[in-house]
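Hi,

Here is the structure I promised to pass on.

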Amino acid sequence: MTLNYNIALAFSAVLTLLLFPLLTVGELVEEQPLVLKYHNGQLLKGRITVNLIWYGTFTPIQRSIIVDFINSLSSAPNAPLPSTATWWKTTEKYKVGGGSPALVVGMQFLHPAYTLGKNLKGRDLLALASKFNEINSITVVLTAKDVAVEGFCMSRCGTHGSTRNVKSNARTAYIWVGNSETQCPGQCAWPFHQPIYGPQTPPLVSPNGDAGVDGMVINLATLLAGTVTNPFNNGYFQGPPTAPLEAVSACTGVFGSGSYPGYPGRVLVDKATGASYNAHGANGRRYLVPAMWDPQTSTCKTLV
């Protein structure tokens, strides 16, 4: 079972441009509030080990950007506000119990030899994700910028789903995220690149100087939130289970207050570098994280 996540910005922007000129003020219909229904399934709780599989070539700096991000969600108490930990804390408002899940980076497997080739199918991702089958863990498969993955760019920037342990039959959650630096940055690395469609606003400067990896952080953040709140397709989501809107994918394209299709919203900007961000993380890093749906207020919650 695999849940797809795709950046809906392009579709939203085109839809807005097509529809709004045709409507008068009196014809506008009040938008219904977004509600992610809980489907009474299992959620991920407590301490969760996040194992990383690096498929292809990643530099040590690229790996540290992502490792620092994951660690900062649960274990960066001294990070200035607004912080990635504050953003992640919203997950505790879902019925996880005992506070937000504590993510801890576990094992890392470097796979620079491309033994499965540079054109991966869904079954290849499952084979990689099955390397770790720990209880209460998430396996994250990260593919390098020169690795093409089935459906990448055309319909998705990453996926999350689950595998089953052959011996225990227990399910383990997994995530895949690809580096879109050279393949589809306008779709999967927005707003650090101009979008493929819609308003062509100037791209933001990425906070860690790597648009592809900073784009991966956005997609990874989206999928981590979706995984803990809907790990096995029966948690929190709206719409069909085969293409659900989840905790963050329900708020696609929103990073700061005042956002609209094609505009990520008001975010923080470093005066020295011009880099845009909205959250402080571990080891002095800064990140741009997407809005997360708040089940208590039924709104997309931003940090700034």
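So, how many disulfides does the structure hold? The structure holds three, taking a disulfide as a pair of cysteine sulfur atoms within 2.5 Å.

Before the details, a word on the ground rules. This is a predicted model, so local features need pLDDT of at least 70 and side-chain atom pairs count only at pLDDT 80 or more, while totals for chains, interfaces and linings use all residues. Residues are numbered from 1 along each chain as its sequence is written, and side-chain values use heavy atoms, with hydrogens and water left out.

Let's start with C153 and C184. Their sulfur atoms are 2.1 Å apart, and the torsion about the S-S bond is about -75°, so this disulfide is left-handed. C153 is in the loop between strand 7 (148-149) and strand 8 (158-164), and C184 is in the loop between strand 9 (171-178) and helix 5 (185-188), so the pair ties together parts that are 31 residues apart in sequence. (Helices, H or I with at least four residues, and strands, E with at least two, are DSSP runs numbered from the N terminus.) C153 is buried at a relative accessible area of 17%, and C184 is buried at 6%. Buried here means under 20% relative accessible area, exposed means over 50%, and partly exposed is in between, with a 1.4 Å probe and protein chains only.

Next up is C157 with C188, where the S to S distance is 2.0 Å. This link is left-handed too, with -80° about the S-S bond. C157 sits in the loop between strand 7 and strand 8 while C188 belongs to helix 5, so this pair ties together parts that are 31 residues apart in sequence. Both C157 and C188 are buried.

That leaves C251 and C300, with 2.1 Å from S to S. About their S-S bond the torsion is about -90°, so the disulfide is left-handed. What does this pair tie together? C251 lies in the loop between strand 10 (236-237) and strand 11 (268-269), and C300 lies in strand 16 (residues 299-301), so the parts joined are 49 residues apart in sequence. Is C300 buried or partly exposed? C300 is partly exposed, with a relative accessible area of 31%, whereas C251 is buried at 2%.

Cheers
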